[in-house]
Amino acid sequence: MSVKPGVVSGKDYLALVQSCKEGKYALPAVNVVGTNTANAVLEAAAKNKSDVIIQASNGGAEFFAGKGFPDSFQAKVLGAVSLAKHVHLLAEHYGVCVVLHTDHANRKLVPWVEALIDHGEAHHKDYGKPLYSTHMLDLSEEDLDDNIGECARVLKRMVPLDMSIEIELGVTGGEEDGVGSDEVDNDKLYTQPEDVLKAHNVLSPIGHYSLAASFGNVHGVYKPGNVQLRPEILKNSQALVQERYQTGENPLDLVFHGGSGSEKSKIEEALRYGVFKMNIDTDTQFAQAEAIGHYVDENPRAFKYQIDPDDDTPYKKFYDPRKWLRKAEENMVQRLGEAFEDLQSAGRSIAG
Ligand SMILES: [Zn+2]
């Protein structure tokens, strides 16, 4: 099955998720903070003939609107809208399918998500499709019933817009943009299959949801050995839902957070257990910083003088932001090439 290139939602999004799961590959979900990073993701996806997920955290969305924007909440909303419109305009021309998504939103960020759903409604009215394909609600720090109940309420708003929700059960260690915690009981780092079944019972009759299950994953890059990745947690959740609902294998659409620095064998295992999305932020952040660091090291005087005081060399063509921002983009594209390989999505775009 092929899908028109560009931002996908509704049945095209579901076709993409299904393609991933049947083919045992996943799409990188890359956090972006501006047009540079968004374009680098599109470039990398096109170059590797892979579909891709572009996502913004609340902080990333705020940055997109501008750190000087007078109202922080409005910046988070309008920045996310601006990013989405940018990607809607360009994605189809890169020739791949793009899922637009917003990252972790805890209780205090539910109004942010709902404001984006308002914008999604307006966009749906005008263009017959939503602004974002999916939003995440991360209420994993709350009581299970509160978490599931609130996700159900928000999903009901999203279904008429052909949107899907991502939820989190169990806690991803570390923190992402102020959401999350370093002080979590170790057993909360592993999602319980019974909790997954409970969420599935409530959400699957309402609409499509995906699940960020915790199997020892941690945001950011840490010294190995602190937490043990246990992908069999995913397998156990799949098995329980499969048995209870008499479905085919891997009925759950799973998401892998905190994948930076994971062993390749654990990633491969996660793909076998129905993971179709793996978040990438830390590694692409470093790729950008690394490239700019090298560039500054190679051209130190261009970052001190417009014209060299010793020999009058003009440095304009070195300090032009397009030069060093491009270095960051190129290295991000390079790093994403590795991600497409690790997730086995390279060459498998369903855009046609
Ligand atoms: Zn995350």
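Modeller: A helix here is a DSSP run of H or I with at least four residues, and helices are numbered from the N terminus. The model is predicted. Gln-238 sits in helix 8.

Biologist: Is Gln-238 buried or exposed?

Modeller: Count C-beta atoms around the residue; 20 or more others within 10 Å make it buried. Gln-238 has 22 C-beta neighbours inside 10 Å, so it counts as buried.

Biologist: Leaving aside neighbours within four places in sequence, which residues is Gln-238 in contact with?

Modeller: Asn-250, Pro-251, Leu-252, Tyr-273 and Gly-274. There is also a C-alpha distance to check: Gln-238 and Gly-248 are 10 residues apart along the chain, and their C-alpha atoms are separated by 9.9 Å.

Biologist: At what angle do helix 7 and helix 8 pack?

Modeller: Two packed helices are described by the angle between their axes and the distance between those axes. Helix 7 (residues 193–203) and helix 8 (residues 232–245) meet at about 45°, with axes 9 Å apart. That angle makes helix 7 oblique to helix 8. Their crossing is right-handed. Helix 7 contributes Pro-193, Val-196, Leu-197 and His-200 to the contact, and helix 8 contributes Asn-236, Ser-237, Leu-240, Val-241 and Arg-244.

Biologist: How many nonpolar, polar and charged residues does that contact of helix 7 with helix 8 have?

Modeller: By class, 5 are nonpolar, 3 polar and 1 charged.

Biologist: What angle do helix 3 and helix 4 make?

Modeller: Helix 3 (residues 58–65) packs on helix 4 (residues 72–94) at about 85°, and the axes are 6 Å apart. Angles of 65 to 115 degrees count as roughly perpendicular, so helix 3 is roughly perpendicular to helix 4. On the helix 3 side, the contact uses Asn-58, Ala-61, Glu-62, Phe-63, Phe-64 and Ala-65. On the helix 4 side, the residues include Ser-72, Ala-75, Lys-76 and Leu-78. By class, the contact of helix 3 with helix 4 has 8 nonpolar, 4 polar and 2 charged residues.

Biologist: Which residues of helix 2 are buried?

Modeller: First, the general idea. An α-helix has 3.6 residues a turn, so residues three or four places apart point the same way. In helix 2, the buried residues are Thr-37, Ala-38, Ala-40, Val-41, Leu-42, Ala-44 and Ala-45. Their cover includes strand 2 (27–31), strand 3 (52–56), helix 4 and helix 12 (321–342).

Biologist: How many residues does helix 2 have, and what does it reach from first C-alpha to last?

Modeller: Helix 2 (residues 35–47) has 13 residues and reaches 18 Å, close to the 18 Å expected at 1.5 Å a residue. Lys-49 follows helix 2, with a positive phi near 50°.

Methods
Residues are numbered from 1 along each chain as its sequence is written. This is a predicted model: local features need pLDDT of at least 70, side-chain atom pairs count only at pLDDT 80 or more; totals for chains, interfaces and linings use all residues. Axes are lines fitted to C-alpha atoms, for helices over the stretch in contact, and angles run from 0 to 180 degrees between N-to-C directions. Helices (H or I, at least four residues) and strands (E, at least two) are DSSP runs, numbered from the N terminus. Angles under 35 degrees count as roughly parallel, over 145 as roughly antiparallel, 65 to 115 as roughly perpendicular and the rest as oblique. A crossing is left-handed if the near helix is turned anticlockwise from the far one by less than a right angle, and right-handed if clockwise. Two residues are in contact if their C-beta atoms, placed from the backbone, lie within 7 Å. Ala, Val, Leu, Ile, Met, Phe, Trp, Tyr, Cys and Pro count as nonpolar, Asp, Glu, Lys and Arg as charged, and the others, Gly among them, as polar. The expected span of a helix is 1.5 Å times one less than its number of residues. A residue is buried if 20 or more other C-beta atoms lie within 10 Å of its own, exposed if 12 or fewer, and partly exposed in between; C-beta atoms are placed from the backbone.
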